[in-house]
Amino acid sequence: MTDTGGHLAIDATDNYIYSPRKFVALVGVENLVIVDTEDALLIAHRDHSQDVGKIVKELGSSGRTDLI
């Protein structure tokens, strides 16, 4: 078990968490990228983190530029 103040992880390894405003609890997950901003939450497997550009492109195409 790991407690670093901003998150708590139980049986969770190799995760990247960025969440300056919210506490994050992880249970039984691995290799995730979790990024929480004021207006959006991104959760992706580390193997797909390079595909974030696809999300940005889709948001732009659908008119959700407020989230980019």
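This is a predicted model: local features need pLDDT of at least 70, side-chain atom pairs count only at pLDDT 80 or more; totals for chains, interfaces and linings use all residues.
## The nonpolar core

Six residues make up the largest nonpolar core: Ala9, Ala12, Val24, Leu26, Leu32 and Ile34. Two strands, β4 (24-27) and β5 (32-36), each supply at least two residues of this core.

Alanine 9, one of the core residues, belongs to strand β2, which covers residues 7-10. Alanine 9 counts as buried because its relative accessibility is 9%, under the 20% limit for that class. Between alanine 9 and leucine 26 there are 17 residues of separation along the chain, yet their C-alpha atoms are separated by 4.7 Å. Leucine 26 is also a member of the core.

Alanine 12, another core residue, is in contact with Leu26, Gly28 and Val29, when neighbours within four places in sequence are left aside.

## The largest pocket

The largest pocket holds about 200 Å³ of space. Two elements give two or more residues to its lining: β6 (41-45) and α1 (52-61). Of these, α1 gives the most, with four residues.

The lining consists of Val35, Thr37, Asp39, Ala40, Leu41, Leu42, Val52, Ile55, Val56, Leu59, Leu67 and Ile68. By type, the lining residues divide into 10 nonpolar, one polar and one charged.

## Asparagine 31

Asparagine 31 sits in the loop between β4 and β5. With a relative accessible area of 22%, asparagine 31 is partly exposed, because the range for that class lies between 20% and 50%.

Not counting residues up to four places away in sequence, asparagine 31 touches Thr13, Asp14, Asn15, Ala44, His45 and Arg46. Glutamate 58 is 27 residues from asparagine 31 along the chain, and the C-alpha atoms of the two are separated by 24 Å.

## Aspartate 36

Aspartate 36 lies in strand β5. Its relative accessibility is 7%, so aspartate 36 counts as buried. The side chain of aspartate 36 is joined to that of serine 19 by a polar contact of 3.4 Å.

Serine 19 is among the residues in contact with aspartate 36 once neighbours within four places in sequence are left aside; the others are Tyr18, Pro20, Arg21, Lys22 and Leu41.

Conventions. Residues are numbered from 1 along each chain as its sequence is written. Side-chain values use heavy atoms; hydrogens and water are left out. A nonpolar core is a set of buried Ala, Val, Leu, Ile, Met, Phe, Trp, Tyr and Cys residues joined through side-chain atoms within 4.5 Å. Buried means under 20% relative accessible area, exposed over 50%, partly exposed in between (1.4 Å probe, protein chains only). Contact means heavy atoms within 4.5 Å. On a 1 Å grid over the protein atoms alone, a cavity is a set of points where a 1.4 Å probe fits but cannot get out, and a pocket is an open set with protein on both sides within 12 Å along at least five of seven lines; lining residues have an atom within 4 Å of a point. Grid points are joined across faces, edges and corners, and a volume is the space filled by probe spheres set on the points. Ala, Val, Leu, Ile, Met, Phe, Trp, Tyr, Cys and Pro count as nonpolar, Asp, Glu, Lys and Arg as charged, and the others, Gly among them, as polar. A polar contact is a pair of N or O atoms within 3.5 Å; within protein, one must be able to donate a hydrogen and the other to accept it, and residues adjacent in sequence count only if both atoms are side-chain atoms.
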